[in-house]
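Me: I have a model open and want to go through its packing. Can we start with the aromatics?

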Amino acid sequence: MDLLAALGGWPGARWLQGSGTAYLFVNAAHILGIALLLGSILTLDLRLIGGLRSVPLGVIGPLLSRVAGSGLALALITGLWLFSVRPAEYVANPAFLAKLALLAAALANIGVQHANPAYRRALDGAPVSAGVALSATASGLLWLATLVAGRWIGFA
């Protein structure tokens, strides 16, 4: 718990604890990161499972992946910053722990998808394989579940 106490005492955490305006802006940036991540990843997942067929995957895939990566980076940075405001309370919150588990699964799924040669072939114009479509379906479900778990934190 010493690590949690130290995290809660770092200057960035103390700044958010003492300034409602600072907390508001960091929280808004976190929501923006989530919006960029989910908006782009769900669109890419939809394309991979057979929707939006008129849009070439080779055009939309790399763009949406980069936007999702930017959103993920912003959400992770601001999420860690928000966590530092009350770290001991968050680690005792079952909704927060569920969110972390779902986030880990969603990130692992990204790794699996991007390491799959069939995914790279699909971006190059080959048909989307069943495995790629299955991973995209899992992705959509995992990211939506992560979002719901994040909202659940305030109610648990």
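Me: Is F83 buried or exposed?

Reply: F83 is buried, at a relative accessible area of 13%. Buried means under 20% relative accessible area, exposed over 50% and partly exposed in between, with a 1.4 Å probe and protein chains only. This is a predicted model, where local features need pLDDT of at least 70, side-chain atom pairs count only at pLDDT 80 or more, and totals for chains, interfaces and linings use all residues. Residues are numbered from 1 along each chain as its sequence is written, and side-chain values use heavy atoms, with hydrogens and water left out.

Me: How many aromatic pairs are there?

Reply: Five. Rings of Phe, Tyr and Trp (its six-membered ring) pair if their centres lie within 6.5 Å; planes under 30 degrees apart are stacked, over 60 edge-to-face and the rest tilted. F83 and F96 are stacked, because their centres are 5.2 Å apart and their planes at 10°.

Me: Where do F83 and F96 sit in the chain?

Reply: F83 is in helix α4 and F96 in helix α6 (residues 94–115), 13 residues apart. Helices are DSSP runs (H or I, at least four residues), numbered from the N terminus. F96 is buried too, with a relative accessible area of 12%.

Me: What about Y90 and F96?

Reply: That pair is tilted, since the ring centres are 5.5 Å apart and the planes at 40°. Both Y90 and F96 are buried. Elsewhere, ring pairs link W10, W15 and W81 into a cluster.

Me: Switching topic: how do α2 and α3 cross?

Reply: The axes of α2 (residues 11–18) and α3 come within 5 Å and cross at roughly 110°. Axes are lines fitted to C-alpha atoms, for helices over the stretch in contact, with angles from 0 to 180 degrees between N-to-C directions. The two helices are therefore roughly perpendicular, a term for 65 to 115 degrees.

Me: Which residues make the contact?

Reply: W15, L16 and G18 of α2, with G20, A22, Y23 and V26 of α3. Contact means heavy atoms within 4.5 Å.

Me: And what is in the largest nonpolar core?

Reply: Eleven residues, including L44, L57, I60 and Y119. A nonpolar core is a set of buried Ala, Val, Leu, Ile, Met, Phe, Trp, Tyr and Cys residues joined through side-chain atoms within 4.5 Å. α3 (20–48), α4 (57–83), α7 (117–123) and α8 (130–152) each supply at least two residues, and α7 gives the most, with four.

Note on methods: Parallel < 35°, antiparallel > 145°, perpendicular 65-115°, else oblique.
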